[in-house]
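Subject: Structure handover

Hello,

Here is the structure I promised to pass on. Please open it alongside this email, as the notes below refer to it throughout.

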Amino acid sequence: MLRSLCVLCLMACLTSACSGDSPGDEGPDLQADAGPTDGGSTQGDGGVAGACEPFGRFGAPGTTLTLPGPSANGEMYIPDVQARFPSTNWSTLDRLYIPAGNYTLINLGNLPHRQASRPLVITNTGGQVVIRPNPGSSQGYIWAMSGGSNWVLTGRYDADSGTGHADFPGHRCGAYATSRERYGILSDDIFLGDGHMGLGIGGAHSFELEYLEITRAGFAGLRILREKNSDGTVSPLNDIKLHDLYIHDTASEAIYFGSTQGAPTPLGSNLKVYNNRLVRTGTESLQIQNLGDGTEVHHNVFAYGAIDWRAAFANYQDNNSQAQVRGGTIRFHHNVFVGGAGALLNFFAQPETGDVPLNVEFTDNYFADTLSLGIWFGGTVGAGARFNWERNAFRGLEFGYQGVYPTATDPGVVLSKAGTITAPITLKENRWEGSRRFISGLTGGSGTVGSVTATGNVNGAVTALTFVDTGLPAGTTTRQLERWTDKATLAPGSPEMTYAAGALVMHDGQLYRARVQNTNKPPPANSAQWEHLPVPVDDLRTAPGTEWAQRGVGLLDVAP
């Protein structure tokens, strides 16, 4: 559900010099190598992850600046990097290096505005950068970045481009199954604070994030927003790329983009979200809003969303994903949405004054395994907008929402929309399993009801999409995995949770299986009741040779 989010401490750090211990006075390493490079990217927004990506994506670096490493207490506190290093030419610097090490906090602010043809590449050097607070710390955030445009934050190992490190290649060359804790940059919040982000970015636009691992965030794994200006206006969140990210085991969302505050909100035009694994989130896997023209979300896996649905921070925070659109052409295609409690997609159309008409397409997506709706379509939008749902597949919509919300009833449909949505909607060649209708008012796959036109949709068996290797025990169903809780705090009376023998739960990012039925037995301290299993490997590429791989759905592996 749409809601406000109080992150005052973090946002203060993103927009001003909040308190923190400064690192030591050790000087930077500034070098000028043989000849500058234009720094341009040689890789586009391709929807597949290559078997072994070629080196040279950013070109060879010319000038480089290496920041000081962690201070004695583990901090890198540089809220104004340009002021800290005034002799640096911030318009032509090719690489900004973060030294390998264990950091308790990173604040890197006032990043420069650059030309799109020559982005500033920010990366690790000398090994892996780990941001992980000390247990019991009272710090308000762990990683904040702010300001600037046309910069890239990457943990990608690329020998020719001088980025990352050979020992920490992440999923390079298709090594998804061994990528955990092997990305060049790793953020691990250890669930320290319930308002913590694994990475919070503010006051910036036109940037790119790739090859990062974020885990155990106390709230969202990645939070991106732009505050209102002092005069009440808002600046856009345009031209942002989020790809090849591995965000998993977060208390709330994996990615939280944009604002759910009242209008005006920052318009997110030309947002690109692709090739990501967003896995085992307490609430939604993906929550993005204020989307504008040119936005494209494709070839992602949003898996095991809302596993904390019984004890989330508020009612109904339990969809697989959530998106809100405002204006322009917006596309969601070839994604995998697997696992939820409420809707697999909580979707809203809510234009603001001055937005161009909406033209939204959902094509070739796979939706499966939740306890209520497939899609909820809310908001307010009428003539001038268009929505097209084509060649999507739905399965595993088995009602069970009354387990926490006893007054809930089976919606009886796959897609439900608000009466305030009067814009033309096309439903074409979708397929769904089960006895539900596709949408209220239609008994089959074709026909017209209100502003909805349906043609060629089929109610029939849908082949289950399978992954290369989840790392879960054989035969595990999506909804079988939940986050351990002593009480179902969102159910009436907050009853204690009893887990049956064989139940699978996550606790502190670790996987456990119940040996016997038990109640109020935290897994780490009760080995007689819980078996500690290896953590999931999350090789969530679509299994090759299957129908879904042939259709190009999900994460794919192709020859270089």
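What follows is a short tour of the findings, by topic.

One point before the details: this is a predicted model.

**The largest pocket**

Start with the largest pocket. Its volume is about 490 Å³. The lining is made up of 23 residues. Nearest the centre lie Asp-369, Leu-465, Thr-476, Thr-477 and Thr-478. Two elements give two or more residues each to this lining: strand S26 (366-370) and strand S29 (393-397). S26 gives the most, with 4 residues. By type, the lining divides into 11 nonpolar, 8 polar and 4 charged residues.

Thr-476 is partly exposed, at 22% relative accessibility. Buried would require a value under 20%. Thr-476 and Gly-384 are 92 residues apart along the chain. Their C-alpha atoms are separated by 45 Å.

**The nonpolar cores**

In soluble globular proteins, nonpolar side chains tend to be buried together. Here, the largest nonpolar core has 83 residues. Trp-151, Leu-209, Leu-222 and Phe-387 have the most contacts inside this core. Strand S7 (residues 120-131) supplies the largest share of the core, 4 residues.

Which residues does Leu-222 touch, leaving out those up to four places away in sequence? The list is Leu-199, Ile-201, Leu-209, Ile-214, Leu-242, Leu-245, Ile-247, Ala-254, Ile-255 and Tyr-256.

**Salt bridges**

Side chains of opposite charge can pair when their charged atoms come close. How many salt bridges does a search of the whole structure find? The search finds 26. Three of them are described here.

Take Arg-331 and Glu-361. Their closest N and O atoms are 3.5 Å apart. Arg-331 lies in strand S22 (residues 328-333) and Glu-361 in strand S25 (residues 358-363), so this pair ties together parts that are 30 residues apart in sequence. Both partners are partly exposed. Arg-331 has a relative accessible area of 30%. For Glu-361 the value is 24%.

Next, Arg-541 and Asp-539. The closest N and O atoms of this salt bridge are 2.7 Å apart.

Last, Glu-547 and Arg-551. In this salt bridge the closest N and O atoms are 3.6 Å apart. Glu-547 is partly exposed at 35% relative accessibility. Arg-551 is partly exposed at 31%. Glu-547 and Arg-551 also belong to a network of salt bridges, which links them with Asp-364, Glu-390 and Arg-391.

**Asn-518**

Asn-518 is in strand S42 (residues 518-519). This residue is buried, with a relative accessible area of 4%. Beyond its neighbours within four places in sequence, Asn-518 contacts Met-497, Thr-498, Tyr-499, Gln-529 and Trp-530. Ala-500 is 18 residues away along the chain, and the C-alpha atoms of Asn-518 and Ala-500 are separated by 6.8 Å.

**Backbone details**

- Ala-263 and Pro-264 are joined by a cis peptide bond, with omega about 0°. Pro-264 is in the loop between strand S15 (255-257) and strand S16 (272-274).
- Cys-173 has a positive phi of about 65°, although it is not a glycine. Its loop runs between strand S9 (151-154) and strand S10 (185-188). Cys-173 is partly exposed, at 37% relative accessible area.
- Asp-508 is not a glycine either, and its phi is positive, near 55°. Asp-508 lies in the loop between strand S40 (504-507) and strand S41 (510-514). At 40% relative accessibility, Asp-508 is partly exposed.

Best wishes

How values were computed:
Residues numbered from 1 in each chain as written. Predicted model: local features only at pLDDT ≥ 70, side-chain atom pairs only at ≥ 80, totals over all residues. Heavy atoms only, no water. 1 Å grid on protein atoms, 1.4 Å probe; cavity = no way out; pocket = protein on both sides within 12 Å on 5 of 7 lines; lining within 4 Å. Points joined across faces, edges and corners; volume = space filled by probe spheres on them. Nonpolar A, V, L, I, M, F, W, Y, C, P; charged D, E, K, R; others polar. Core = buried A, V, L, I, M, F, W, Y, C linked by side-chain atoms within 4.5 Å. Buried < 20%, exposed > 50% of the residue type's maximum accessible area, 1.4 Å probe, protein only. Contact = heavy atoms within 4.5 Å. Salt bridge = Lys/Arg side-chain N within 4 Å of Asp/Glu carboxyl O.
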